[in-house]
Amino acid sequence: TVPWQLHLATAGTDLAGALLELVGTVDADLLVIGARHRSPVGKALLGSVAQTLILEADLPVLVVKAT
């Protein structure tokens, strides 16, 4: 078995920042996130929490794509 823990936290408007802060406080080895497909226009107009986490995390990030 793989040991794991679930941590719940609340966030304001900066969800990516709150998640990165939580990951730093619990000394995580891996961050697992879900992502969904966005159109090119959606990528240009809207920020992506998943993209921010991937680029700014100091640990490996596993992205699970929605089917």
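Asp-27 sits in the loop between α1 and β1. The model is a predicted one, and in it Asp-27 has a positive phi of about 55 degrees, although this residue is not a glycine. Is Asp-27 buried or exposed? Its relative accessibility is 65%, over the 50% cut-off, so Asp-27 counts as exposed.

**The overall picture**

- The protein is built from three helices and two strands.
- The C-alpha trace spans about 40 × 30 × 20 Å along its principal axes.
- Of the 67 residues of the protein, 16% count as buried.
- Among the contacts with a separation of 6 or more, 65% are between residues 24 or more positions apart.

**Surface and charge**

- The protein exposes about 5700 Å², and 59% of that area is supplied by carbon and sulfur atoms.

**The largest pocket**

- The largest pocket has a volume of about 670 Å³.
- Two elements give two or more residues to the lining of this pocket, namely α1 (15–26) and β1 (31–35).
- Helix α1 provides the largest share of the lining, with six residues.
- In total, 23 residues line the largest pocket.
- Which of the lining residues lie nearest the centre of the pocket? They are Gln-5, His-7, Val-26, Ala-28 and Leu-30.

- Ala-16 has its place in helix α1.
- The relative accessible area of Ala-16 is 6%, which is under the 20% cut-off, so Ala-16 is buried.
- Which residues does Ala-16 touch, leaving aside its neighbours within four places in sequence? Ala-16 is in contact with Val-49, Thr-52 and Leu-53.
- Glu-56 is 40 residues from Ala-16 in sequence, and the two C-alpha atoms are 9.1 Å apart in space.
- Thr-25 also lies in helix α1.
- Thr-25 has a relative accessibility of 59%, and because exposed means over 50%, Thr-25 counts as exposed.
- Thr-25 and Val-64 are 39 residues apart along the chain, and 23 Å separates their C-alpha atoms.

- Where is His-37 found? This histidine is in the loop between β1 and α2 (40–45).
- His-37 has a relative accessible area of 69%, so this residue is exposed, the cut-off being over 50%.
- Val-41 lies in helix α2.
- At 55% relative accessibility, Val-41 is over the 50% cut-off and therefore counts as exposed.
- Val-41 and Trp-4 are 37 residues apart in sequence, and their C-alpha atoms are 37 Å apart in space.

Definitions and conventions: Residues are numbered from 1 along each chain as its sequence is written. This is a predicted model: local features need pLDDT of at least 70, side-chain atom pairs count only at pLDDT 80 or more; totals for chains, interfaces and linings use all residues. Side-chain values use heavy atoms; hydrogens and water are left out. Helices (H or I, at least four residues) and strands (E, at least two) are DSSP runs, numbered from the N terminus. Buried means under 20% relative accessible area, exposed over 50%, partly exposed in between (1.4 Å probe, protein chains only). Contact means heavy atoms within 4.5 Å. Accessible areas come from the Shrake-Rupley method with a 1.4 Å probe; for residues, only the protein chains shown count as cover. On a 1 Å grid over the protein atoms alone, a cavity is a set of points where a 1.4 Å probe fits but cannot get out, and a pocket is an open set with protein on both sides within 12 Å along at least five of seven lines; lining residues have an atom within 4 Å of a point. Grid points are joined across faces, edges and corners, and a volume is the space filled by probe spheres set on the points.
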